[in-house]
Amino acid sequence: MMHTLAMKGHAPETGATIAVTLKLFAMLERWLPEGARRNEIRLAVPAGTTPAAIIAALDLPAALCAIVLIDGAFVEPERRGTRALVEGEVLSIWPPIAGG
Amino acid sequence: MSWQRKILRVDLTAGTIAEEPLNMEWALDYLGSRGLGTKYFVEEVGAGVDPLSPANKLIFATGPLTGTMASTGGRYTVITKGALTGAIACSNSGGYWGAELKAAGWDMVIFEGKSPKPVYLQISDDEVTLHDAAEIWGTTVWHTEEHLKKKHQDPLMRVTSVGRSAEQGCLYAAVVNDLHRAAGRSGVGTVMASKNLKAIAVRGTKGVAGIKDPKAFMAATKAAKKVLADNAVTGQGLPAYGTQVLMNVINEMGALPTRNHKDVQFEGARDISAEAMAEKRETDGKANLVTNQACFGCTIACGRISQMDKGHYTVQNQPQYWGASGGLEYEAAWALGAANGVDDLEALTYANFLANEDGFDPISFGATVGAVMELYEMGVLTKEQIGIEAPFGSAKALTFLAELTAKGEGFGKEMGLGSKRLTEKYGHPELSMSVKGQEFPAYDSRGIQGMGLTYATSNRGACHLRSYTVASEVLGIPIKTDPLATEGKAGLVKAFQDATAIFDSAGICLFTSFAWSLVDVAPQLQASCEGDWSLDNLAVVGERIWNMERMFNNAAGFTSKDDCLPKRLVTEPAKTGPAKGLVNGLDKMLPEYYAARGWTQDGIPTPETKGRLGL
């Protein structure tokens with residue numbers, strides 16, 4: 001199921017759309033759009049959309065977005081507003097967590 | 001002073017019990033628990049001792065903060081020469097037993113020799129008695145605890161014991177207290193059973209007296225508890241999701257060892273994660289997770305309490321497993337699940353129940369199952385030998401092997417050898433994912449490079465709890481480092497190893513370190529104990545403990561050649577994820593680590609290093 005995310009002005013209006021997968025875990029689950037299953041959902045977003053744009057569009061508290069991965073690779077906080085997602089990538093976000 | 005200044009010495013051969021003053025000179029240099037217990041051990045036991053001989057000793061040691069109002073102050077450590085590894089073993093447990101021993105007035109108990117018949121030790125404050133254990137020998141940990149509480153008519157008694165796996169010689173048997181808290185690693189339970197010692201039952205009513213500055217201690221512990229409560233990890237994440245919250249993040253970043261480390265990502269990870277434990281099952285509408293649980297004095301409460309689906313094939317005819325009990329933590333869920341390609345959460349929970357009930361380490365067990373499944377798929381082991389078809393992904397093989405290992409029956413005897421000896425026996429030692437004979441925990445060192453150095457240099461064999469660089473490399477605690485880089489990891493590992501030795505030796509839980517640094521621990525020690533517990537001295541004490549352990553291992557015959565990783569991790573690149581194409585760069589990190597430690601390039605502490613540390 002594909003969900004078209006309302007970007008609320010947080011992404012460029014390029015006209016082109018890409019599909020990405022969003023995964024939210026632990027206490028962030030509750031911010032997943034309707035239709036999400038098993039912590040993930042496919043999203044249609046404007047080309048050029050960044051992790052920060054998706055975080056803002058979903059009203060995710062920034063302080064709870066501690067671990068942000070694109071295809072498993074960590075995206076540093078200073079790059080979350082500039083690293084544009086590309087077609088097919090997986091954006092995964094966790095709150096502050098630990099274990100062992 | 002926080003120390004009770006008294007230890008018990010139990011000669012199991014002679015059946016005698018003696019009281020001794022705590023060596024305070026050593027306490028000021030080695031703090032307590034892991035550090036101080038190990039100091040006693042290395043002073044009293046030759047490094048060449050056979051772990052299962054009467055000449056080996058077994059020490060149960062608390063720390064100065066154990067039993068106090070410091071958060072998580074309930075820990076104790078079991079120190080011996082490990083049955084699985086032949087290296088120094090110090091296995092740490094929470095629950096309530098450690099605090100009870102301290103409240104009975106004892107800092108530690110040293111067991112020597114071997115009893116001619118099965119016995120258990122009962123401690124009621126100053127009254128200490130060895131009892132015949134014939135009626136509980138051959139029974140489980142769960143039965144032993146229930147039996148002793150009934151027999152002594154004391155429901156508040158705290159019991160630590162070994163199960164049938166230890167009695168049957170499983171080399172990774174654990175010591176289990178409070179039903180599901182365990183000193184789990186390195187086969188400390190095997191050593192206990194080899195001495196014909198079944199259990200230690202304790203009731204303490206004295207509390208911990210003699211805090212050096214009670215007012216300052218109350219202020220320090222209160223401030224430190226606020227740090228834990230205000231921290232998102234220790235105040236919210238761990239209580240809600242437990243350590244199991246790691247399953248998905250470690251999988252996403254391509255560092256979840258899967259199918260005996262053949263892969264680094266598991267397609268079934270989400271099905272065995274914290275998120276899955278909290279979901280209602282389709283079968284009965286109930287969640288696997290019932291609640292969280294805290295150990296003594298803990299203000300985090302990360303423990304998991306689970307209840308199985310009564311209709312699951314494993315328990316449908318075994319109502320004794322229908323109640324709520326200790327659930328899956330991350331390491332167990334990984335070892336029983338991803339390590340074998342098994343994604344049946346209920347089967348994992350059942351195997352975990354058995355590990356608690358009969359006292360065996362689910363990490364070493366699960367990793368040994370992974371090696372067996374690989375040998376089965378290669379055709380080296382057959383259904384006839386194992387007793388069941390055992391391809392990767394078979395939940396039925398997993399639970400079958402757990403049942404056999406618990407009792408030491410059939411192929412369970414082979415399972416009890418651990419992966420190193422088992423794979424050697426069947427001609428494929430390269431398939432044992434272990435260091436110094438102990439199996440890896442749940443982080444693939446191709447995707448988290450620092451953990452390769454952590455495993456290779458751990459004094460008790462492969463272990464994540466000696467320098468948990470995952471905190472930095474994945475979680476950004478205290479600072480984020482690149483998990484794929486080898487640069488800087490030597491210093492990072494050394495810093496984590498030395499600091500961890502302090503947390504362990506103080507008698508508190510390592511999980512406080514997700515919020516606390518030694519800056520938070522030092523005031524609690526300084527207010528409770530005589531001596532110098534400044535940050536500068538704590539750094540020296542931590543390093544001293546690490547080097548003391550290393551020197552014992554060197555004397556036991558371990559060399560730099562044992563600071564290694566299995567061939568698979570340094571020659572077979574990760575197939576998927578961010579680490580795709582990478583192997584572990586141990587060869588780059590190890591020389592830097594030796595230099596940072598002040599060791600020769602053969603891994604031996606130099607005379608200057610020993611002199612600086614007072615060793």
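## Overall size of chain A

What radius of gyration does chain A have, and what would a compact globule with 100 residues have? Chain A comes out at 13 Å, which agrees with the value near 13 Å for a compact globule of 100 residues. Keep in mind that this is a predicted model.

Along the principal axes, the C-alpha atoms of chain A fill a box of roughly 45 × 30 × 20 Å. Of the 100 residues in chain A, 39% count as buried. If you look at contacts in chain A with a separation of 6 or more, 74% of them come from residues 24 or more positions apart.

## What chain A is built from

Chain A has one helix and six strands. Reading along the sequence, you get β-β-β-α-β-β-β.

## The sheet in chain B

Over in chain B, six strands make an open sheet with mixed pairing, in the order 8-7-12-9-10-11. Strand 8 (127–132) and strand 11 (181–183) of chain B sit at the edges with a single partner strand each, so one side of each has no neighbour in the sheet. On average, neighbouring strands here are turned by 20° against each other, direction ignored.

Strand 9 (residues 158–161) and strand 10 (residues 175–177) of chain B run antiparallel and are joined by two bridges. S161(B) has V176(B) in strand 10 as its bridge partner. Helix 4 (residues 141–151) of chain B lies across strands 9, 10 and 12 of chain B, at about 145° to strand 9.

## Where the chains meet

The contact uses 19 residues from chain A and 29 residues from chain B. On the chain A side, strand 4 (67–70) and strand 6 (90–94) each supply at least two residues. That side of chain A splits into 12 nonpolar, five polar and two charged residues.

Definitions and conventions
Residues numbered from 1 in each chain as written. Chains lettered and ligands numbered in written order. Predicted model: local features only at pLDDT ≥ 70, side-chain atom pairs only at ≥ 80, totals over all residues. Contact = placed C-beta atoms within 7 Å. Helix = DSSP H or I, 4+ residues; strand = E, 2+ residues; numbered from the N terminus. Nonpolar A, V, L, I, M, F, W, Y, C, P; charged D, E, K, R; others polar. Rg over C-alpha atoms; globule rule 2.2 N^0.38 Å. Buried ≥ 20, exposed ≤ 12 C-beta atoms within 10 Å, placed from the backbone. Pairing = 2+ DSSP bridges. Axes fitted to C-alpha atoms, helices over the stretch in contact; angles between N-to-C directions.
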